[in-house]
Amino acid sequence: MSVLVGLIVTLGMLVVVPLGLGLVDDPALARTRRMWPLFAVPGALSLWLPRGGTATSLALCYAVGTLVLAGHAPRRLARGHRPDPAEAALLTAILAPSVAALALVAERSGHELFGFGLGILALTVPHFHFAGFAAALVAGLVCRAQDSASCRFAALSVPAGTLIVLVGYFTGEWVELAGALVLTAGMWTVALLTWRDAGTAARTRATGALLRVSAGVLVATMVLALSWALGEATGIPHPTLSWMAATHGLGNALGFALCALLARRRLQQESDTEGSTAWTR
């Protein structure tokens, strides 16, 4: 499982985060995106070294980059960006990698942060790259492209669900289950809206296919997430963490996040005006 999780996190660090940041029309974020490899490459290398001082130092380099990224959140608010649902989703995406980096530094150093075992910390890293960053960003992009009640619900419930799941780490499995329910509701709404975009907004078959794959995979992976959270809360049989990494984790990384962001990039390029698929300053 550790090899698979390492591959998924490497994809998140080196591809998903910079690809997602490229969908936001903000010169400050563009500068951070250009600098991102300076932080992400050491972070990715830390995943493949034994726990210890070298791995921890490389993970700390990545943590610095995530803090630089997180610093854009208060600056966007100071520049007068309205805290509407789409902006709330973007702010969640900006902040999420720093949570992942905190877990990464603790895990690479062999320190059980807040009483969480090293295995849980290792899984927290991909969770906040894909549920925290990618899913929130996609939900916000969907909401920015077309303002409707369902879009606003998706843009708010994905960040809210992610936050409740995080709170559940500290308070118990039932809170985590509640977060999984909220997150699933938001993600399924994103899937429905994405499927609709495949038939209306996509101008090429390739873009439409990417949108449909991301929507279909998202429905399936969130069923797995619900089954795991329900099993943890009630004790009924449910998938193991290894099985979840191989199905839910891999599916969200490749089938949802990568396909969705590539599709949004293609939509951005196909559109006459970037404002329909990207944030403006």
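In the predicted model, helix α3 spans residues 53–70 and comprises 18 residues, with a distance of 25 Å from its first C-alpha to its last, close to the 26 Å expected at 1.5 Å a residue. The buried residues of this helix are Ala 55, Thr 56, Leu 58, Ala 59, Tyr 62, Ala 63, Gly 65, Thr 66, Leu 69 and Ala 70. These buried positions of α3 pack against α1 (2–21), α2 (27–46), α4 (72–78), α5 (85–109) and α6 (118–145).

One of the buried residues of α3, Tyr 62, also takes part in one of the 2 aromatic pairs that the structure holds. The ring centres of Trp 36 and Tyr 62 lie 5.6 Å apart and the ring planes stand at 75°, an angle over 60 degrees, so the pair is edge-to-face. Distant parts of the chain are linked by this pair, since Trp 36 belongs to helix α2 and Tyr 62 to helix α3, 26 residues apart. Both Trp 36 and Tyr 62 are buried.

The other aromatic pair is formed by Phe 114 and Phe 170, which are likewise arranged edge-to-face, at 5.6 Å centre to centre and with 65° between the planes. Phe 114 is located in the loop between α5 and α6, whereas Phe 170 is located in helix α7 (residues 149–171), so this pair ties together parts that are 56 residues apart in sequence. Phe 114 has a relative accessible area of 58% and is therefore exposed.

A further contribution from an aromatic ring involves a charged side chain: Arg 212 lies over the face of Trp 195, at 5.8 Å from the ring centre.

Methods. Residues are numbered from 1 along each chain as its sequence is written. This is a predicted model: local features need pLDDT of at least 70, side-chain atom pairs count only at pLDDT 80 or more; totals for chains, interfaces and linings use all residues. Side-chain values use heavy atoms; hydrogens and water are left out. Helices (H or I, at least four residues) and strands (E, at least two) are DSSP runs, numbered from the N terminus. The expected span of a helix is 1.5 Å times one less than its number of residues. Buried means under 20% relative accessible area, exposed over 50%, partly exposed in between (1.4 Å probe, protein chains only). Contact means heavy atoms within 4.5 Å. Rings of Phe, Tyr and Trp (its six-membered ring) pair if their centres lie within 6.5 Å; planes under 30 degrees apart count as stacked, over 60 as edge-to-face and the rest as tilted. A charge sits over a ring if NZ of Lys or CZ of Arg is within 6 Å of the ring centre and within 35 degrees of the ring normal.
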